[in-house]
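This briefing concerns the structure shown below. It covers model confidence, overall dimensions, helix packing and backbone geometry.

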Amino acid sequence: MTTVKNRFLTLGLLTGLGLMASCSDFGDQNINPNAAVTPVTSALLTEAMLGVPPTTATGALLEGIAGRLTTLAPEPRLFVQYWSESQYPENSLYATTFADWNRYYAVTLQDLQTIIDYNTDESTRAYVAQFGSNNNQLATARILKAYVFSVVTDRWGDVPYFNALKKQTQVEYDPQQAIYADLFKELKEASAQFDNGRAFDGDILFAGNATKWKKFANSLRMILALRLTKVDPATGRTEFTAAYNDAAGYISTNADNATIRYTDVNQFRNPDNALFDGRSDYGVSDVLVNKLESLNDPRLPAYATPTSTGDFVGLPYGLTRDLLIDYTNDNPEYALPSAKVLAKTQPSYIITASQMLLAKAEASVLGWISADARTAYNDAIRASWEQWGVYDAAKFTAYIASPNVAPTAGDILAKIGDQRWIALYPNGSEAWTEWRRTGYPNLQPTPYAVNESKQIPRRYGYPNTEPTLNTAAYEAAVGRLSNGDRTSSRVWWDKP
């Protein structure tokens with residue numbers, strides 16, 4: 001898992017949680033008369049979505065809702081066996097015990113909180129309204145903040161939430177159940193907050209389109225509601241049906257997909273392009289390649305590259321370094337992510353129609369909504385094929401009729417899970433969360449696992465700075481974990 005060792009970012013949690021109070025008053029001697037006193041909230045919004053541009057042309061966008069720490073994080077892609085490591089297999093062997101959250105709190109969440117603060121403060125709200133109406137800025141920032149916090153809590157479990165970003169020196173970890181309840185509230189209230197005023201500048205996700213923002217919020221509510229199937233199905237059903245039936249709708253067509261689009265300028269390129277710039281530390285796993293080949297799935301060439309003979313050879317998952325060296329010496333050609341996946345301008349998919357149509361199919365099977373599960377399932381597959389540019393009517397008809405794809409009453413949830421795993425690629429973060437929730441697909445841990453459970457990680461371990469920087473809160477949160485601060489402990493909604 002990614003661990004930030006830079007000293008500046010070691011202090012990031014302190015900054016992000018607002019723990020660094022000013023020590024003394026130096027008057028105005030250090031004030032630059034040419035600098036902006038009030039932040040440009042449109043720039044903060046763009047940064048919260050995209051991340052901080054790297055200082056070098058070879059760097060990558062890390063933060064934001066689509067950076068290398070979120071939808072394009074390599075580690076979850078290893079956990080769900082989208083990818084295999086080709087040289088240094090520590091993460092594939094589950095060796096890492098903790099992960100850093102500084103950049104979430106100190107950059108993305110802090111940017112969004114600053115937007116909220118300046119649009120609610122009576123002394124600044126009139127000034128920042130030049131970047132969009134106060135209500136539109138607040139609605140947008142609250143929805144994005146809910147999304148980022150959903151990612152953070154789903155990775156670690158109990159995390160600083162209610163008192164985070166409030167300039168407190170010690171911040172308790174809030175129970176994930178309470179966080180979820182507030183996320184539902186925030187998404188509902190924020191959707192209702194949009195007005196007919198000026199759109200929020202800097203919106204590279206939906207260009208200020210309030211209708212699409214409301215669909216995004218409803219879609220996130222539906223996704224989070226399904227997380228509750230094993231711990232609080234009554235609340236899950238209530239929240240899902242309310243969002244599903246909301247007049248604003250949800251993301252049901254590819255035209256409404258939530259995507260971050262990149263440019264061919266290196267500092268603003270797709271982070272995966274930077275990840276493979278001069279390196280090939282990952283290959284597409286044999287688990288994914290074999291699954292797609294067994295289904296005769298046309299997404300395979302969109303996801304992976306063939307060898308010089310035209311064959312698709314997945315890199316074996318979870319080998320030790322010695323075994324990897326032996327394998328790659330004997331098999332120098334194996335599948336890498338496709339040119340499409342690694343293109344500089346390839347967008348990052350945050351929430352897609354295929355993902356939501358599969359959520360609709362599952363909710364129908366659960367009896368939460370009145371809809372035809374089989375139709376929604378087939379529509380989801382078609383939406384995914386169209387998203388990746390591989391749709392062919394004849395092939396699609398044959399595909400959905402094949403026994404390995406067509407669901408029966410006894411296996412429909414398993415097949416929904418399998419298709420969700422395929423459709424979410426390369427968003428390993430969401431795929432890992434859905435695998436933890438549902439158990440689909442039936443992934444097996446590497447036999448060479450080095451963690452204490454020898455199983456695929458169920459959560460991230462808390463940052464290794466927390467026991468000393470936030471001791472009491474850390475110890476209280478660890479005490480609520482069934483197996484302590486280990487990757488084998490489960491978050492609240494993750495039940496066997």
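Over residues 1-29 of this predicted model, pLDDT stays under 50, and the model has 55 contacts beyond four places in sequence for that stretch. For the protein, the mean pLDDT is 93, with 93% of residues at 70 or more.

**Overall dimensions and secondary structure**

- The protein contains 21 helices and four strands.
- Its radius of gyration is 22 Å, which agrees with the value near 23 Å that a compact globule of 496 residues would have.
- Taken along the principal axes, the box filled by the C-alpha atoms is roughly 70 × 50 × 45 Å.

**Packing of α15 with α16**

- Helix α15 (residues 353-366) packs against α16 at an angle of about 170°, and their axes are 8 Å apart.
- The two helices α15 and α16 are therefore roughly antiparallel to each other, given that angles over 145 degrees fall in that class.
- From α15, the contact draws on Ala353, Ser354, Leu357, Leu358, Lys360, Ala361, Ser364 and Val365; from α16, it draws on Ala373, Ala376, Tyr377, Asp379, Ala380, Ala383, Ser384 and Gln387.
- By class, the residues in the contact of α15 with α16 are 10 nonpolar, four polar and two charged.

**Packing of α16 with α17**

- Helix α16 (residues 373-387) also packs with helix α17 (residues 393-401), here at an angle of about 135° and with the axes 11 Å apart.
- The helices α16 and α17 are therefore oblique to each other.
- The crossing of α16 past α17 is right-handed.
- On the α16 side, Arg374, Asn378, Ile381, Arg382 and Trp385 take part, and they meet Lys395, Phe396, Tyr399 and Ile400 of α17.
- This contact of α16 with α17 comprises five nonpolar residues, one polar residue and three charged residues.

**Cis peptide bonds**

- Tyr425 and Pro426 are joined by a cis peptide bond, with omega about 5°. Pro426 is located in the loop between α18 (412-424) and α19 (428-438).
- A cis peptide bond also joins Tyr440 and Pro441, where omega is about -5°. The loop between α19 and α20 (466-469) holds Pro441.

**Positive phi**

- Gln81 is not a glycine, yet its phi is positive, at about 65°.
- This residue, Gln81, sits in the loop between α4 (74-79) and β1 (83-85).

Terms used:
Residues are numbered from 1 along each chain as its sequence is written. This is a predicted model: local features need pLDDT of at least 70, side-chain atom pairs count only at pLDDT 80 or more; totals for chains, interfaces and linings use all residues. Side-chain values use heavy atoms; hydrogens and water are left out. Axes are lines fitted to C-alpha atoms, for helices over the stretch in contact, and angles run from 0 to 180 degrees between N-to-C directions. Angles under 35 degrees count as roughly parallel, over 145 as roughly antiparallel, 65 to 115 as roughly perpendicular and the rest as oblique. A crossing is left-handed if the near helix is turned anticlockwise from the far one by less than a right angle, and right-handed if clockwise. Contact means heavy atoms within 4.5 Å. Ala, Val, Leu, Ile, Met, Phe, Trp, Tyr, Cys and Pro count as nonpolar, Asp, Glu, Lys and Arg as charged, and the others, Gly among them, as polar. pLDDT is the predictor's confidence in each residue, from 0 to 100. The radius of gyration is taken over C-alpha atoms; the globule rule is 2.2 Å times the number of residues to the power 0.38.
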